[in-house]
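Student: Could we go through this model together? I would like to begin with the overall fold and then turn to the core and the surface.

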Amino acid sequence: MQLGVIGDPHLGCTIYTDKRSPDFARQFNTAVAGLLERKVDGIAVLGDVFDSSAYRRNIDTFASRLS
């Protein structure tokens with residue numbers, strides 16, 4: 001069994017201004033796509049998935065960070 005691991009994606013991070021928030025989501029998507037290309041059996045996301053509790057309140061907000 002192969003497991004892919006992504007750590008501390010901090011989706012929604014605005015510490016470097018709101019313009020950087022999409023960068024974090026894009027890199028998360030790139031990491032997931034790379035792991036899927038390697039045909040891993042599962043992906044574990046460790047650490048802080050969201051940078052702020054505001055982003056984990058609903059699935060629509062979460063999805064907006066990944067598009």
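**Fold, core and surface**

Tutor: Along the sequence, this predicted model follows the pattern β-α-β-α.

Student: How many helices and strands does the protein have?

Tutor: The protein has 2 helices and 2 strands.

Student: And what share of contacts joins residues at least 24 apart?

Tutor: Of the contacts between residues at least 6 apart in sequence, 71% join residues at least 24 apart.

Student: Now the interior. What percentage of the residues is buried?

Tutor: Of the 67 residues in the protein, 24% are buried.

Student: Which residues make up the largest nonpolar core?

Tutor: That core has 7 residues in all: Ile6, Leu11, Ala25, Phe28, Leu35, Val40 and Phe50. Helix α1, residues 21–37, gives the most to this core, with 3 residues. As general background, nonpolar side chains in soluble globular proteins tend to be buried together.

Student: Where is leucine 46 placed?

Tutor: Leucine 46 lies in strand β2, which covers residues 42–46.

Student: Why does leucine 46 count as partly exposed rather than buried?

Tutor: Leucine 46 counts as partly exposed because its relative accessible area is 47%, whereas buried means under 20% and exposed over 50%.

Note on methods. Residues numbered from 1 in each chain as written. Predicted model: local features only at pLDDT ≥ 70, side-chain atom pairs only at ≥ 80, totals over all residues. Heavy atoms only, no water. Helix = DSSP H or I, 4+ residues; strand = E, 2+ residues; numbered from the N terminus. Buried < 20%, exposed > 50% of the residue type's maximum accessible area, 1.4 Å probe, protein only. Contact = heavy atoms within 4.5 Å. Core = buried A, V, L, I, M, F, W, Y, C linked by side-chain atoms within 4.5 Å.
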